[in-house]
Amino acid sequence: MPRAEARAACCLTLLLMLFAVLPTVGVAQEHTPPPLVFDVLAPTEQEWLRVLEAVETGDSAQAIELSAALAQKVSGFALLDKLRQELLAAQGEAAMAQLQARWLTAAASVPTAPQGAAPDEASRLAHEAAQRWAHRDYQVPTTLPFVLALDRGVRHLIVVETSTSRLFLFRNRPEGLRLERDLYVSIGRRGPGKEVEGDERTPLGVYFTLSRMDEEGLAERYGAHAFPLDYPNAWDRRESRTGRGIWIHGVPPQTYSRPPLDSDGCVALTNPDIQWLAKRLAPRRTPVVIVERVPWNAASPSTAEVARLSGRIERWLAARAQGEDGASALEELYDPEALAVPVAGAGLEREDEAPEVRRLALIQDPTTQGLVVASFGDGWGGWYRQYWRQDDAGSWRIAAERLRPPRRR
């Protein structure tokens, strides 16, 4: 096949991929009845909420019975143990009312402490109770407007909402993204918005899993499994953010769960939840969107705008395939300040070959206005992660990127 025809075929393939997945991400989901939040929670959390519901109604006998049953199934659940102690000590309606206020009302604020000190254990547990209890009324999402395209080869997508201490796992089904499980998580002690090494904050943005680490290769504090993320990514480096070792991981074996603000910056789940996740999650290149509040109903770019962006991506692929001959065309696609690795001189081995796009993910970063992350591979083992923004004239340009060169055959 001549080079021009191969390039045209590549461009057409990419466009077809984009438009094939766009309807499943947006339009198809709008007609699906929203599931009940209770139905997508982990079984242990469902039982915990039943305990709190008994507390809310003032039925101390039922609350004690349910909490005792749950305690037989899990150990190291400090939140449950503390509530059981208070339930057994509560005598009369007045004592029960005070217990309700502590666990269901007064716990709603984020615990504070003097500068440099950690909140006391009671405040941290109350914060966890409040986060879990408030989530019973959460609006279960049925659309992800910031996911512009997701190839069928990308089986799952994770969304972490730091303000509610939740991790949402979406399954990429033929009919579109569907919420598979809603899990409680802990984040950094100082909250979200990581900027520098050691600030004990969890980064915000669009990331991807790099690998999976299992219990035999992990320090005890990380629990049963860990999924390292690609923080700092190319965009973080452009923004001068520093740090390393941001993972999604479990907890020590003697602990069931941790308070909402309790890690060095990682996202921590209970060991049963990380084990459940590890059975389903592809260890590499699963998108992970971390945001303070998820913009479930935000406006996404128009189909025409996504088509313009896809056109820029296909131009990049075609120019890169030309090697030195495409250098000037490549230069036009980059923001002048982009922190890009050298892109010229990476032409095809034979002129009749053309790039083959695989596992495309195109995600609008909810934390950075106007930034779209494109992640895709080629048929030779190369991998590309690019961060596109529009310039003042409305043209899409690469602001940062990280490339893994293809294998030479």
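Reader: Before we start, how are the residues numbered, and which parts of the model count?

Author: Residues are numbered from 1 along each chain as its sequence is written, and side-chain values use heavy atoms, leaving out hydrogens and water. The model is predicted, so local features need pLDDT of at least 70 and side-chain atom pairs count only at pLDDT 80 or more, while totals for chains, interfaces and linings use all residues.

Reader: Thanks! How many helices and strands does the protein have?

Author: The protein comes to 10 helices and 17 strands. Helices (H or I, at least four residues) and strands (E, at least two) are DSSP runs, numbered from the N terminus. Of its 409 residues, 53% count as buried, where buried means under 20% relative accessible area, exposed over 50% and partly exposed in between (1.4 Å probe, protein chains only).

Reader: What is the angle at which helix 2 and helix 4 pack?

Author: Two packed helices are described by the angle between their axes and the distance between the axes. Axes are lines fitted to C-alpha atoms, for helices over the stretch in contact, and angles run from 0 to 180 degrees between N-to-C directions. Here helix 2 (residues 43–56) packs against helix 4 (residues 78–89) at about 25 degrees, with the axes 12 Å apart. Helix 2 is therefore roughly parallel to helix 4; angles under 35 degrees count as roughly parallel, over 145 as roughly antiparallel, 65 to 115 as roughly perpendicular and the rest as oblique.

Reader: Which residues make that contact?

Author: Contact means heavy atoms within 4.5 Å. Helix 2 contributes Trp48, Val51, Leu52 and Val55, and helix 4 contributes Leu79, Leu80, Leu83 and Leu87. By class, the contact of helix 2 with helix 4 has 8 nonpolar, no polar and no charged residues. Ala, Val, Leu, Ile, Met, Phe, Trp, Tyr, Cys and Pro count as nonpolar, Asp, Glu, Lys and Arg as charged, and the others, Gly among them, as polar.

Reader: And how are helix 4 and helix 6 placed, parallel or perpendicular?

Author: Helix 4 and helix 6 (residues 121–134) pack at about 100 degrees, with their axes 10 Å apart, and they are therefore roughly perpendicular. Ala78, Leu79 and Lys82 of helix 4 meet Leu125, Glu128, Ala129 and Arg132 of helix 6. This contact of helix 4 with helix 6 divides into 4 nonpolar, no polar and 3 charged residues.

Reader: Now the strands: what order do they take in the open sheet?

Author: Strands of a sheet pair through backbone hydrogen bonds, either parallel or antiparallel. Two strands pair if DSSP finds at least two bridges between them. The open sheet has 5 strands in the order 4-3-2-12-6, with mixed pairing. Strand 4 (176–184) and strand 6 (205–208) are its edges, each pairing on one side only. Within the sheet, strand 2 (residues 156–161) and strand 3 (residues 166–173) run antiparallel, joined by 6 bridges. His156 has Arg171 as its bridge partner in strand 3.

Reader: Where can I find a hairpin?

Author: Strand 16 and strand 17 form one, with 5 residues between them, and Gly394 in the turn has a positive phi of about 90 degrees. Strand 16 (residues 383–390) pairs with strand 17 (residues 396–404) in the antiparallel sense over 8 bridges. Tyr387 stands opposite Ala400 in strand 17.
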